[in-house]
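I would like the cut-offs behind each term to be stated along the way.

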Amino acid sequence: MSVPFSIPSPPPEWKQLHLPIGEWLHGILPFVPEDWAIRITTYAIVIIIGIFSAVVIANRRLTQRGGEPWVIVDVGIWAVVLGIVGARFYHVITHLDDFFGPGHPDPWNIFAEGNVWAIWQGGGAIFGALIFGALGVVIGCRITGLRFWTVADAIAPGLLIAQAFGRLGNWFNQELFGLPTDLPWGLVIDRPNPAIPDGIPDDVLFHPTFLYELLWNLAGFVFILLIENRVRRVSGKVLPAFERRDFWQWGKVLGLYFIWYGIGRTWFESIRLDPSETFLGIRSNVWAALGTIVLGLVIIIVQSRRHPGLEPDPYLPGRRPVPAAALDSEDTYSDSDEPGDDAAEVTEVAATSGSTRAS
């Protein structure tokens with residue numbers, strides 16, 4: 001049942017897309033079986049779009065700070081892979097009954113419905129993704145020579161965009177909705193649904209927590225950009241221009257992200273209907289959200305005291321890539337040249353490049 005202005009849920013067939021690859025290619029490549037098809041969940045598609053968007057945003061922000069174009073990909077691979085693992089791990093340990101309770105005889109079988117591995121069926125926790133993803137960023141920064149805090153600041157705003165896409169995936173899966181509501185924008189959920197307790201009538205609507213958090217994340221993205229930059233009027237232009245504020249470096253943008261997301265998630269999590277582990281009567285994710293707020297405040301306070309000046313360079317000392325021109329030389333050397341002269345020249349060029357970028 002729906003009421004005026006209520007939010008419908010997508011039909012079940014939208015949950016998974018069927019791509020008839022064989023039908024498309026068989027006429028051109030006869031060796032491709034005509035019945036060959038790929039099935040992919042809509043949840044997976046929107047997650048991929050969200051990750052791509054976050055990488056594009058992070059790349060632009062990191063290059064503005066002096067990083068090499070698309071070096072963020074070398075970091076992002078580690079962050080994304082470990083983030084996905086962490087998201088699933090955190091979700092499973094905070095929803096143990098969903099995987100090891102009655103009716104789940106084989107949770108470790110990857111081919112069984114609702115197994116512990118099947119993140120593509122839905123069920124990923126952002127707090128686990130943040131913890132494991134941060135570890136991935138540390139690994140990526142060690143490999144590329146980038147400063148962790150610089151990369152973290154570059155990534156932080158785009159995370160909100162990726163999370164907004166993730167909440168859209170929850171809508172397709174008809175999951176993680178809120179408590180019953182009589183508000184006109186209530187969400188219609190198809191029955192049966194394992195998250196709906198027994199005794200709730202079939203015509204009851206639910207808080208669209210996916211939409212609340214989606215809008216909160218988009219607003220947070222704009223808010224962080226406005227806080228991070230100051231607006232100045234430009235003569236002859238209709239739109240204002242932005243100047244980066246020197247204060248928001250050394251990880252303090254990441255701290256701002258933690259505070260914004262934690263505030264919103266504390267409320268959204270409090271009105272969710274799906275079961276979750278609790279501690280002292282409070283959902284585990286509420287505790288995690290409160291901890292995220294505290295962590296954000298600590299980062300901003302500590303980093304403001306430790307690093308009152310500007311970041312000298314997005315790369316650690318001696319780790320900035322040497323320009324190709326410094327390595328490829330058309331000069332010829334005779335036997336009379338002093339050994340090591342070429343290495344000294346490369347070192348001098350690299351040092352000059354680094355000092356120029358730092359200024």
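A search of the whole structure finds 17 aromatic pairs, where rings of Phe, Tyr and Trp (its six-membered ring) pair if their centres lie within 6.5 Å, and planes under 30 degrees apart count as stacked, over 60 as edge-to-face and the rest as tilted. This is a predicted model, in which local features need pLDDT of at least 70 and side-chain atom pairs count only at pLDDT 80 or more, while totals for chains, interfaces and linings use all residues. Residues are numbered from 1 along each chain as its sequence is written, and side-chain values use heavy atoms, with hydrogens and water left out.

One of the pairs joins Phe 89 and Phe 132, whose ring centres are 6.1 Å apart with 50° between the planes, a tilted arrangement. Because Phe 89 lies in helix H3 and Phe 132 in helix H5 (residues 126-144), this pair ties together parts that are 43 residues apart in sequence; helices here are DSSP runs of H or I with at least four residues, strands are runs of E with at least two, and both are numbered from the N terminus. Phe 89 is partly exposed at 45% relative accessibility, and Phe 132 is also partly exposed, at 27%, given that buried means under 20% relative accessible area, exposed over 50%, and partly exposed in between (1.4 Å probe, protein chains only).

The rings of Phe 279 and Trp 287 have centres 6.1 Å apart and planes at 65°, so this pair is edge-to-face. Of its two members, Phe 279 counts as exposed at 52% relative accessibility, whereas Trp 287, at 35%, counts as partly exposed. Elsewhere, Tyr 212, Trp 216, Phe 223, Trp 260, Trp 267 and Phe 268 form one aromatic cluster.

Helix H3 also takes part in a nonpolar surface patch, to which it gives the largest share, 5 residues. The patch consists of Phe 52, Val 56, Trp 70, Val 73, Ile 77, Trp 78, Val 81, Val 85 and Ile 143, with about 850 Å² of accessible area together. The elements that give two or more residues to this patch are helix H2 (42-64) and helix H3 (72-94). Within H3 is Trp 78, which is partly exposed at 38% relative accessibility.

For the protein as a whole, there are 11 helices and 8 strands, and buried residues make up 44% of its 359 residues.

Conventions:
Patch = residues over 30% accessible without salt bridge, like charges linked within 9 Å, V, L, I, M, F, W, Y side chains within 5 Å. Areas by Shrake-Rupley, 256 points an atom, 1.4 Å probe, with all protein chains shown as cover. Salt bridge = Lys/Arg side-chain N within 4 Å of Asp/Glu carboxyl O.
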